[in-house]
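Here is a friendly walk through one structure, going from its nonpolar cores to its surface. Have your viewer ready.

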Amino acid sequence: MSWLFGLNRGAAPGGGGDAAPGGTGPGTGAGLSLPPAPGGGGGAGDRQTPKDKWSNFDPTGLERAAKAARELDASRHAKDALSLAQMQEQTLQLEQQTKLKEYEAAIEQLKNEQIRVQAEERRKTLNEETKQHQARAQYQDKLARQRYDEQMRQQQLANEENLRKQEESVQKQEAMRRATVEREMELRHKNEMLRVEAEARARAKAERENADIIREQIRLKAAEHRQTVLESLKTAGMLFGEGFRAFVTDWDKVTATVAGLTLLAVGVYSAKNATAVAGRYIEARLGKPSLVRETSRITVLEALKHPIKASFSLVGKRLTSKAQDALEGVVLSPQLEARVRDIAIATRNTKKNKSLYRNILMYGPPGTGKTLFAKKLAVHSGMDYAIMTGGDVAPMGREGVTAMHKLFDWANTSRFGLLLFVDEADAFLRKRATEKISEDLRATLNAFLHRTGQHSNKFMLVLASNQPEQFDWAINDRIDEMVNFDLPQLEERERLVRMYFDRHVLKPATEGKQRLKLAQFDYGKKCSEIARLTEGMSGREISQLAVAWQAAAYASEDGVLTEAMIDARVADAVQQHQQKMEWLKTEGAEATKGTDRNPLLPFPKGTP
């Protein structure tokens, strides 16, 4: 395009570079002459040097460019060329933006990768710290157990040494006391014999000397006494005869006496019956209902009988409800412990805010702590508790409906709120459609459903059952929360074994108040071993096992509980548990034969 603007005009189109004769060439302007170059000759072959950069400018190029522009504007492809140029420009811009976005995406990916690497490093660091903390905690726990076992061993040795010294001292003191008592008895016996012998001799001598005088005195006293008795009898007979004769002859006195005796008899009979009726009425309204077996509530009658004891009970209830833990003495799994602790906190806050209580169902094998937790929950919440058994309802017959209404009337009068715990609730809350339930029991169940149809701020219903699948559907509808108390696992069993071993064996042995001693062996290791052997056993069975250890020590001759005795009792308990499980499995197979199990139920019918 340089030819369009008149550039490079000095060269001929054919490639020749010679200048025109006479010093002028095609590139010069009209009438313009260039001076010769310095030092050059005036020949035709010499090139002329311009004075400045515009000296060689040819304006014809501009004319040709303007003409080409006009032709281009007049052309029908002008708009297409302009659009093509715009599209090329837009394409370049889009390519630049795409490269920019790719660059930003690459930067963002690098940032994400850096964050991921940092997070991975942090996670590895946290895992390593967690492992170190766990190892440190296990090591500290191991050291604590070793210190505890060593302290118990040292304490046992010290207690045995003190007991041995005390026994020796007591034996020496007893021997000295026995010898002293025997010597005193011997001297006292000799002195008594000498005194009796001297008194007998003196009395015999005095009687021999005064025998006549004594006989005369006795005769005179007898005669005087006889005369006095005869005179008294004669005077009394005369007075009684005259009074009886005067009473019989006066009919007004006889009538008044008979009427008075009749009124007295009627009054005594009426007062006796009225007292019995009033007592039954007060007992029904203010006393403990017949369905309640155990309660912490102080009734009016008990307060009247024992006012001081009732006052101390109320004060103690207020004090202990503020400080006692709801799970004190209750060993549960961590998940179940967290759940029931939330229930306890919610119940306590519900009582403080005077809101509506929620009904709870606790199900699971027997001996897993359901009743114990219900009592702890009531005490922790500052409520009264009442325990009833479902098996007490059926024998009441037609009186069951009245007793049920009395129970809930009594519950609504509690000042602190009442936690009503129904143990073995499936005994009377079973399905009404079955033929095994009687009409009286069905009516009692209907009364129970009527009184529990709505939530109350006066009482809280806690049901416990080993077979919740037998509940009537209306009972299931009234349950707000279901809690499964499962059998203790290895960690919980070890805590239970240590707790009951300390309660039933170590404390009686170290306090020295009972006839119980403990042989030397590793208590902590033995407790861990027992926890492994008692798999599948409940907390109640472990408690019974600890009582069996205590009984074995009492049955021995020296009262010493040895490791062999503990192992023997553990083996017996494990064998008995296996036998119970065989019976239960047989019973469950017979109960479920021909019956479809509901998949929504927690466990099959007939299993605890």
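## Ground rules

Helices (H or I, at least four residues) and strands (E, at least two) are DSSP runs, numbered from the N terminus. The model is predicted, so to speak of local features a pLDDT of at least 70 is needed, side-chain atom pairs count only at pLDDT 80 or more, and totals for chains, interfaces and linings use all residues. Residues are numbered from 1 along each chain as its sequence is written, and side-chain values use heavy atoms, with hydrogens and water left out.

## Leu419 in strand 4

Let's begin at Leu419, which sits in strand 4 (residues 418-423). Its relative accessible area is 0%, so it is buried (under 20%; exposed means over 50%, partly exposed in between, with a 1.4 Å probe and protein chains only).

Which residues does Leu419 touch, leaving aside neighbours within four places in sequence? Its contacts (heavy atoms within 4.5 Å) are Ala374, Leu377, Ala378, Met383, Asp384, Tyr385, Ala386, Met460 and Val462. Phe459 is 40 residues away along the chain, yet the C-alpha atoms of Leu419 and Phe459 are separated by 5.7 Å.

## Two nonpolar cores

A nonpolar core is a set of buried Ala, Val, Leu, Ile, Met, Phe, Trp, Tyr and Cys residues joined through side-chain atoms within 4.5 Å. The largest one has 32 residues, and Phe428, Leu429 and Leu463 touch the most other members. At least two residues each come from strand 2, strand 3 (384-389), helix 9 (399-411), strand 4, helix 10, strand 5 (459-465) and helix 11 (473-477). With six residues, helix 9 gives the most to this core.

Beyond four places in sequence, Phe428 is in contact with Met388, Gly390, Val393, Met404, Val422, Leu441, Leu445 and Phe448. There is also a second, separate core of 29 residues, with Leu518, Met537, Ala546 and Ala573 among them. In soluble globular proteins, nonpolar side chains tend to be buried together.

## Two loop residues with positive phi

Lys354 lies in the loop between helix 7 (334-353) and strand 2 (360-363). Although Lys354 is not a glycine, its phi is positive, at about 55 degrees. Its relative accessible area of 70% makes Lys354 exposed.

Glu424 is in the loop between strand 4 and helix 10 (439-451). Glu424, a residue other than glycine, has a positive phi near 50 degrees. At 32% relative accessibility, Glu424 is partly exposed.

## Val268 in helix 4

Finally, Val268 belongs to helix 4 (residues 251-286). Val268 counts as exposed because its relative accessibility is 52%.
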